[in-house]
Amino acid sequence: MLGSAWLALVSGASVAVHRRDVPPAGMVLPPAPVTRIGVMGMVTETQLEAKPRGTAPWAGSAGTLVVAGRDGAALADIAASEASLRRFLMGLPGVDQVGAEARTAMLATRSIKAASKLAALELVVRMIDLTTLEGADTPGKIRSLCAKARHPDLGDAGVPPVAAVCVYPDLVGTAKAALSGSPVAVAAVATAFPSGRAALDVKLADVRQAVSAGADEIDMVIDRGAFLSGRYQLVLDEVRAVKEACGGAHLKVILETGELVTYDNVKRASWLAMLGGADFIKTSTGKVAPAATLPVALVMLEAVRDFDTATGRQVGVKVAGGIRSAKDALRYLVVVRETAGEAWLAPDRFRFGASSLLNDVLMQRTKQLTGAYVRADDFSQD
Amino acid sequence: MNWEYAPAPESRAIVDLQPSYGLFIDGEFVDPGDGSAFKTVNPATEEVLAEVAAAGPADVDRAVEAARRAQHETWGPMSGAERAKYLFRVARILQERSRELAVLESLDNGKPIRESRDIDVPLSAAYFFYYAGWADKLEYAGFGPSPQPIGVAGQIIPWNFPLLMAAWKLAPALAAGNTSVLKPAETTPLTALVLAEIFQEAGLPPGVVNVVTGAGATGAALVAHPGVAKIAFTGSTDVGKGIQRELAGTGKRLTLELGGKGANIVFEDAPLDQAIEGIVNGIYFNQGHVCCAGSRLLVQESIAELVVEKLKARLQTLRLGDPLDKNTDIGAINSPVQLEKITELAAAGVAEGAERWTSPCALPEHGFWFPPTIFTDVSPSHRIAREEIFGPVLSVLTFRTPEEAVMKANNTPYGLSAGIWTEKGSRILWMAQQLRAGVVWANTFNRFDPTSPFGGYRESGFGREGGRHGLEAYLDV
Amino acid sequence: MSDDRIGVRKTYKLAIGGAFPRSESGRTYVVRAADGGFLANAARASRKDVRDAVVAARKAQVGWAAATAYNRGQVVYRIAEMLEDRRAQFVEAVEAGEGVDARAAGALVDAAVDRLVWYAGWADKVAQVAGSSNPVAGPYFNFSLPEPTGVVGIAAPQESSLLGLVSVVAPAIVTGNATVVVASELRPLPGVTLAEVLATSDLPGGVVNLLTGSLVEVGPVLAAHRDVDALDLCGVPAELVTELEQLAAGSVKRVLRPPAAALDWRERPTPHRMLAFVETKTVWHPVGV
């Protein structure tokens, strides 16, 4: 039975699901229950945040399957051979396109007002990977981006810094220097971004260069050609190899969902990336349309939720490309909240890869605080 | 991060509630002659919304007479093209007043504004648009070269989709050249009365639609009236049988849309996350006040535990509360009577040995509420597996093979709806053939469209509403 | 052949599930020709015969409905062939029972054969005429198809013993229903002979079950039977209609009322009688990748 490997994996943790029905002693249920859907291991956010960036508690030794969950053995079996891997991926429950899109369309009607809007806007800022990935990028451009990242709104010290800046590997050093002393991380796109069309050695050299220049996070691309031609083992091996090359750096695996086309593929690629050790799975390079969409995010959030159920390991999701308005960003937060749950409403579990989004969020935030509509020129462009 | 949605209530200001409403007869709002009055309340707050006339037999007689006159003198003789234009006008005004109607529907019915706004009201307009276009094309509908209307239709509608059911009934009846006396449910009369205003605004000739508000006695007077040529009823199977019995030997035409105990069948190869959504939509949509609800979940035993756990987790994200809050998923139970019925059947479920799980959500202090509830370990003989609960209560049963699923799904006197969840195409088509249900949703649930015929097998009624088929109920064929 | 040979009289039996039992009650009644002469004894069905007939019909219906429409058409056409083959026998029966001359009786039998041919051709067309693809406003494939209602109880016309009976039974079975038919009380013999023809045709046993006897006695049993899905009251006398309709309401049966005025069965039919005993099933499925 195709689905049996998957079923065994998720059912194995169902004892933990039962446990969720009864809130722990002393825990007061909020008025409308918003407890995390599905299984959450007993790892709490505070525990995660207590660790230095890049050394997440789940990080395994390089080159081995990274699992910290209850079903490590089952996961190892899945990756034991090309055949078992294929069987596992093909056994994942399918995704009905219309149903998935109907679900996010409904969630997009959620109305976020008042205090919850303000809180969400500030959370969005903290989740942004402020990004520039242009051939025309210069040290000067990177330095101004970093200044914006540290203090997104110079007129309001209450605005937190963004999560990270995201640049090409050769500019990591510049960014690192510009961000010195700030909590803002430096993320580098590597592995022959955006196409990924290079030999593995070249990709790994790309990664090592970025890491040695100080990158805290590596955004790799999967080999979509390999994935679409069914060479799943190759994709998995590459993710593992890059994970190893990352050392202590955080690994985000870009699926480039616009090239995978179907949600079934998005789901399989998500699992493949997570099996390979991804700390984050990321929608897009931003160079291919369509980039991030709500239904793609939904499918990926369902995957990380189910992976958590199966393994106890929490993988983050990054949506990137095409998210320009605060309204769009809030819709993503709604999908996060109602799919993976509140535990994913944190910068180490959810990110926005964006550039122009930040200013729209700042504008909306100011409007929310002052009541007056604002003008674009009140905020620096970068 | 703990991130709660702040209240986002839709404004009530758009609704201009009058303290009292009369009957709509012959194009005018009039006081009842021999009737009385009753109060309609907001089920979410128990606040009295308005006082509404209860039509007596003489009032019903006046309404039928007005409808008969209009059918003979204006609406019947009018060209189909002219009738069409009136119905298009009505559809447009419904769209223009959609916000007002949505708020009013949620106030009177208790359903979430998200549903009245996104489903009830836009679909109501869509039904008028659809049937408007048929009015001058009836000779192509497949019911003969010159199909004729039946006459005066007495149309009795339920409280679960007050405006939408009015549209389902009126649009095809009027398109075919009939006139109508409409009897809304006594707990939800208000949107039908605004619809009457809309008919006035559209300039619809007097008497083409008459609205007689009231309870069962008013409906009985309408059914018994000799001037009515056709009865269309949506409601409980018991009342439907009574009407069928009452009409025996009268020659009056009848269509019935009655109860159901729909099976929602989930196979182990289902698109699981969408299936969970479909289960939720199937039974918790409109608080489960849906005749075609997927109230019996038949899940393949190999994934039953997983499905139930995922379902419970999902149900905890449902937001129960103020129907006017745009983020509310589950609104109020329509009436204390219905709440009592749901409560009683749920208690029977426990007493008969099924395992009850209720979403741990806080219920508002006032109003009528029932939290989303699941019963597992349900046996096919339990009352909660056989009787229509008409509330947010799901009974979970398991099966092993497709044959067993079909056998269990069909093991009911009803036959309105069924759901199938599997990614295997040939199995979907086989199941769809085997299921004795008028509507089969495969990999979706609770979808409605004016072009799509809807109606039951067996004790779920007869006749179809929607689509070309829906015209047959109002043509003398 | 000597004129004074003693003829062999036939007792006409019921037709239930492909067999020809006597009434379980053991009762018979005398059937007379239009001129009052003795024709034969026929079985007088009881409530238990109704029960047995409904059981047989229910059992046969699923398989009959599952046959391909092409196959059902062939089977009904085969009935026409066999009727044509036994034309002389039926002409004689109609002539005696209805009191018409041989020429008129021949025309009625020919019309009955033609009627069967007409309905046979509908088997694989009715879904195309009564079904539809529905252009819903969303990403769904949506279609509606007619399906047989199930078990149909039919009161055959009282006057037209063969053509009338064929005209009400053929439209019910061609779509996949199974039937329990109560033949004309006074003129049951052509119907029973037809049932004998059906038994040697390709029609599965139980698709047409024929009862003879008193409609006043068996009609209410049939109308109240919860496993009967629909009723054709065609041959029910006015004074019995209300009672049967009331009983039918107990399980929300579909009821086709008797015609307001006497029908001339020789007139060309419409699809109306077929469509009275089908249910429209609508199926939705998402359209996506």
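For the helix pair below I take axes as lines fitted to C-alpha atoms over the stretch in contact, with angles from 0 to 180 degrees between N-to-C directions. The model is a predicted one.

**Entry 1: a helix pair in chain C**

I looked up helix H3 (residues 87–98) and helix H7 (residues 189–200), both of chain C; their axes come within 9 Å and cross at roughly 160°. Angles over 145 degrees count as roughly antiparallel, so I list H3(C) as roughly antiparallel to H7(C). I noted the hand of the crossing as right-handed.

I then went through the residues that make the contact. H3(C) brings C:Gln89, C:Phe90, C:Ala93, C:Val94 and C:Gly97, while H7(C) brings C:Leu189, C:Pro190 and C:Thr193. Sorted by class, this contact holds 5 nonpolar and 3 polar residues, and no charged ones.

**Entry 2: chain C against chain B**

Next I turned to the interface, where 28 residues of chain C are in contact with 36 residues of chain B. On the chain C side, I found at least two residues supplied by each of strand S5 (140–148), helix H9 (238–248) and strand S11 (278–286). S11(C) gives the largest share of that side, with 8 residues. The class count for the chain C side is 11 nonpolar, 12 polar and 5 charged.

**Entry 3: strand pairing across the interface**

Strand S17 (residues 439–442) of chain B pairs with S11(C) in the parallel sense, over 3 bridges. Which residue of S11(C) is the bridge partner of B:Val440? I read off C:Val283 as that partner.

Definitions and conventions: Residues are numbered from 1 along each chain as its sequence is written. Chains are lettered from A and ligands numbered from 1 in the order in which they are written. This is a predicted model: local features need pLDDT of at least 70, side-chain atom pairs count only at pLDDT 80 or more; totals for chains, interfaces and linings use all residues. Helices (H or I, at least four residues) and strands (E, at least two) are DSSP runs, numbered from the N terminus. Angles under 35 degrees count as roughly parallel, over 145 as roughly antiparallel, 65 to 115 as roughly perpendicular and the rest as oblique. A crossing is left-handed if the near helix is turned anticlockwise from the far one by less than a right angle, and right-handed if clockwise. Two residues are in contact if their C-beta atoms, placed from the backbone, lie within 7 Å. Ala, Val, Leu, Ile, Met, Phe, Trp, Tyr, Cys and Pro count as nonpolar, Asp, Glu, Lys and Arg as charged, and the others, Gly among them, as polar. Two strands pair if DSSP finds at least two bridges between them.
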